[in-house]
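Here is a quick tour of a two-chain model, written for someone who likes to check contacts by eye. Have the viewer open and follow along.

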Amino acid sequence: MREPTTLVVAGLAILAAGTYAARLSGQLLRARITFPPRAAKLLEAAAVIMLAALVATTALTEGHGFSGLARPAGVLVAGVLAWRKAPFLVVVLAAAAVTALLRVLGVS
Amino acid sequence: MRSIWRTLDRRGLADIGLTCLAVFFIGLSYGAIAVASGFPLWVPAVLSVLVLAGASEFLFIGIVAAGGSPIAAALAGLLVNSRHLPYGLALPPGVTGRRWGRLLGTHVMNDESVVFALAQPELPAKRAAYWACGLGVLACWPGGAVLGALIGSVVHDTNAFGLDAMFPAVILALIVKDLRDARTRRAALVGAAIALATTPFLPAGLPVLLALAAVVVTL
């Protein structure tokens, strides 16, 4: 961890307090206003888009460059298994196993 | 607590138990990845108890480990956790508890507890499912994270075991049900492309935020 500890603690506190506020505010709003379902859907879609972008960048990149083939290959196999409704544990273990196997075979 | 066991049937409790077990295993990989990225044990431990929202914690760890600012990482995590606001809107009043109980009931709101609550027909069952799953996750997520961090600090080259592929696989498995919707899938692919295209030029964390522009695809 290269960042100073105080900064990490500050980030941690912001994330924890803000998340609690998000959990609470929806319940408080529910009693008061009618929220357009479209807006709620949009928030949900935004979260999925960000998570998909996170999957793509963590699978394919390392720093500012390409991660190598082994990791995205493992994630691809996991994606196919998840799409075919394989159990969660199988999906996650397959990703690690395929990536580890490729590295044993000399594919980075 | 005892009313939870009376209100829910065996099948419902088994589903909640399996979900909590899965959460425990994600917690293991989360703790191992966090220490492998150079964090001391207390960071994933404290995050898992106080934030209690997996995807945002992975994101926080990932951005800081890549050299990004912890403040920017926290804001990115908050963006991911903003979905808890519509969750709160979706839950009928009373599910999360009343008065002091609601302080804890609010904290245990997560993807799993909300899904189980919404699946139940009546308020008492909704409340029981919500609390059973919420408290289960509150025990399993930090428990897995701490154990994973302990294992990870013994195992040095986690890349050799393919652990670095687990994080994207976990997130992918969690969002795959949303990706079955064609419109969401299109937007997600556009967002992923934006993030990948900008990664070589931008500081860590920003590409994922820029991906939000793809939300116009869903309009």
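B:Asp164 is buried, at 15% relative accessible area (buried is under 20%, exposed over 50%, partly exposed in between, with a 1.4 Å probe and protein chains only). Look for B:Asp164 in the loop that runs between helix 9 (123-154) and helix 10 (166-179) of chain B; helices here are DSSP runs of H or I with at least four residues, strands are E runs of at least two, and both are numbered from the N terminus.

Before going further, a word on the ground rules: this is a predicted model, where local features need pLDDT of at least 70 and side-chain atom pairs count only at pLDDT 80 or more, while totals for chains, interfaces and linings use all residues. Residues are numbered from 1 along each chain as its sequence is written, chains are lettered from A and ligands numbered from 1 in the order in which they are written, and side-chain values use heavy atoms, with hydrogens and water left out.

## The salt-bridge network

How many salt bridges does a search of the whole structure find over all chains? The search turns up three, counting a side-chain nitrogen of Lys or Arg within 4 Å of a carboxyl oxygen of Asp or Glu. A:Arg71 pairs with A:Glu62 at 2.5 Å, N to O. B:Asp164 also forms a salt bridge with A:Arg71, at 2.8 Å, N to O. That pair crosses between chains, linking the loop between helix 9 and helix 10 of chain B to helix 3 of chain A. A:Arg71 itself is buried, with a relative accessible area of 6%.

A:Arg103 and B:Asp164 meet in a salt bridge too (2.8 Å, N to O). Since A:Arg103 sits in helix 4 of chain A and B:Asp164 in that chain B loop between helix 9 and helix 10, this pair joins two chains. A:Arg103 is partly exposed, at 22% relative accessible area. Through shared partners, salt bridges tie A:Glu62, A:Arg71, A:Arg103 and B:Asp164 into one network.

## Patches on the surface

A positive patch is made up of A:Arg38, A:Lys41, B:Arg183, B:Arg185 and B:Arg186. Patch residues have over 30% relative accessible area and no salt bridge, with like charges joined within 9 Å and nonpolar side chains (Val, Leu, Ile, Met, Phe, Trp, Tyr) within 5 Å. Lys and Arg count as positive, Asp and Glu as negative, and His and the chain ends are not counted; the charge is placed at NZ of Lys, CZ of Arg, CG of Asp or CD of Glu. Helix 11 of chain B gives the largest share, three residues. B:Arg186 belongs to helix 11 of chain B and is partly exposed at 49% relative accessibility.

Over on chain A, a nonpolar surface patch consists of A:Phe66, A:Leu69, A:Leu101, A:Leu105 and A:Val107, with about 530 Å² of accessible area together (Shrake-Rupley method, 1.4 Å probe, and for residues only the protein chains shown count as cover). A:Leu69 lies in the loop between strand 2 (65-66) and helix 3 (70-83) of chain A and is exposed, at 55% relative accessibility.

## Two positive phi angles

Most residues other than glycine have a negative phi. A:Lys85 has a positive phi, near 65°, in the loop between helix 3 and helix 4 (88-104) of chain A, and is exposed at 65% relative accessible area.

B:Arg99 has a positive phi as well, near 45°. B:Arg99 sits in the loop between helix 6 and helix 7 (101-107) of chain B and is exposed, with a relative accessible area of 77%.
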